[in-house]
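Okay, thanks for coming, everyone. I'll walk you through one model today, a few spots at a time. Have a look at it first.

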Amino acid sequence: MSDTHNSQNAHSGHGFETVAIHAGNTADPLTGAVVPPIYQVSTYKQDGVGGLRGGYEYSRSANPTRTALEENLAALEGGRRGLAFASGLAAEDCLLRTLLSPGDHVVIPNDAYGGTFRLFAKVVSRWGVEWSVADTSDPASVRAALTPKTKVIWVETPSNPLLGITDIAAVAQVAREAGARLVVDNTFASPYLQQPLALGADVVVHSLTKYMGGHSDVVGGALIVADPALGDELAYHQNAMGAVAGPMDAWLVLRGIKTLPVRMDRHGENATKVADMLSRHARVTRVLYPGLPEHPGHEVAAKQMKAFGGMVSFQVEGGEEAAVAVCDRAKLFTLGESLGGVESLIEHPGRMTHASVAGSALEVPSDLVRLSVGIESADDLLADLQQALG
């Protein structure tokens with residue numbers, strides 16, 4: 001099997017755009033094809049009993065197309081090991097079952113993806129893992145939530161759906177002092193805008209379904225780590241548990257990543273225009289976008305991010321029914337869950353992506369609307385939101 005770190009080193013002097021296109025994407029040795037083949041295969045002819053050819057024996061354990069993606073992921077995040085999974089939640093599940101044992105404790109953020117909260121509250125907790133909530137934008141709040149059994153501090157920045165910002169370097173220091181691992185979900189930013197490992201995080205989590213794939217046509221997840229030993233441990237559990245990315249899915253994500261930089265630039269440009277318009281609209285009571293100077297995390301985001309991303313949330317006057325009506329009236333913005341595709345999406349988190357956090361410390365405002373701003377003409381997006389707001 002190819003060496004992920006060696007692949008990373010081969011592109012260590014190159015810019016992000018170059019790495020996105022070339023890391024893991026070596027020409028096919030048989031034909032010279034410049035795109036890695038889709039190895040739609042389950043098993044491999046071995047060179048004698050126990051003699052793996054190129055490190056491959058069975059595609060749950062390793063597959064050349066998945067290897068190409070994993071090398072690319074590690075290079076983009078500046079990590080020593082990348083692992084690709086069937087979904088973001090499959091990646092999170094493997095990570096938690098690798099790092100935690102019954103009786104351990106996790107600090108989770110007070111704003112997070114509903115599926116992540118559900119995993120902690122309804123699944124991992126039944127295994128005897130305890131968790132408590134902290135405002136991760138305040139390192140003192142994180143420190144106060146620690147217990148002698150804390151093994152993991154979990155962060156989303158920007159967070160979903162309230163676009164909160166956490167100072168990764170500051171919380172990494174809290175984690176080091178506590179002897180805990182810092183996990184950062186980097187889905188909203190992507191490695192193009194933010195690289196948590198360089199700021200002190202131990203593990204980066206991605207839903208590859210979102211900006212990395214970028215075209216709303218694939219589901220996947222990833223873990224990237226700085227510590228090779230932890231990478232080996234995660235790889236063992238990935239194989240033992242089996243929720244791996246299939247070759248076609250890995251190929252689609254790898255294709256999507258090649259245009260990640262140019263897509264993220266346009267997402268951010270459009271989101272900035274949308275946020276500016278919403279901040280001036282009479283029916284909008286609050287806009288949540290870290291690119292706005294009035295956002296409480298603006299300075300931290302400007303320090304640790306290249307730009308502010310394509311996600312915008314806002315609250316409307318008239319409460320929950322008014323927010324739902326805005327979602328229903330949108331035409332160019334598609335009403336749908338997920339995010340990060342080239343097309344713009346709109347949703348009501350309280351009834352859709354974050355219904356699982358209702359009644360908890362992570363419950364979201366009922367008048368909140370979340371936008372995934374795509375790469376269409378900005379004027380068309382602004383016009384659609386203006387008519388949807390009425």
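So, let's start at I257. Leaving out anything up to four places away in sequence, I257 touches A20, L69, N72, L73, L76, M212 and R263. Keep in mind as we go that this is a predicted model.

Where does I257 belong? The largest nonpolar core has 55 residues, and I257 is among those that touch the most other members, along with L69, L73, I153, L182 and M212. The biggest share of this core comes from helix 10, residues 247–257, which puts in six residues. Then there's another core, apart from that one, with 30 residues, including A90, A91, F120 and A121. As a bit of background, nonpolar side chains tend to be buried together in soluble globular proteins.

F120 and A121 take us to helix 5. How many of the ten residues of helix 5 are buried? Seven of them, so helix 5, residues 114–123, is largely enclosed by the rest of the structure. If you want to click on them, the buried ones are G114, G115, T116, F117, L119, F120 and A121. And what covers them? The cover includes helix 4 (88–99), plus strand 2 (105–109), strand 3 (130–134) and strand 4 (150–156).

Rolling a probe the size of a water molecule over the atoms shows where empty space is left.

The largest pocket is another story. About 520 Å³ of space lies in it. It has 19 lining residues, and D28, P29, Y39, Y56 and P64 lie nearest its centre. The lining splits into ten nonpolar, five polar and four charged.

Next up, a histidine. H354 sits in the loop between strand 11 (345–347) and strand 12 (368–372). Buried or exposed? H354 has 2% relative accessibility, so it counts as buried. Setting aside neighbours within four places in sequence, H354 is in contact with A112, Y113, G114, N160, P161, P349, V364 and R370.

V262 counts as exposed, because its relative accessibility is 58%. V262 and E17 are 245 residues apart along the chain, yet their C-alpha atoms are separated by 8.6 Å.

Elsewhere, strand 1 (residues 81–85) pairs with strand 7 (residues 221–225) in the antiparallel sense, over five bridges. A84 has A222 as its bridge partner in strand 7. Four of the five residues of strand 1 are buried, so to speak mostly covered.

That's my tour. Over to you.

Note on methods:
Residues numbered from 1 in each chain as written. Predicted model: local features only at pLDDT ≥ 70, side-chain atom pairs only at ≥ 80, totals over all residues. Heavy atoms only, no water. Buried < 20%, exposed > 50% of the residue type's maximum accessible area, 1.4 Å probe, protein only. Helix = DSSP H or I, 4+ residues; strand = E, 2+ residues; numbered from the N terminus. Pairing = 2+ DSSP bridges. 1 Å grid on protein atoms, 1.4 Å probe; cavity = no way out; pocket = protein on both sides within 12 Å on 5 of 7 lines; lining within 4 Å. Points joined across faces, edges and corners; volume = space filled by probe spheres on them. Nonpolar A, V, L, I, M, F, W, Y, C, P; charged D, E, K, R; others polar. Core = buried A, V, L, I, M, F, W, Y, C linked by side-chain atoms within 4.5 Å. Contact = heavy atoms within 4.5 Å.
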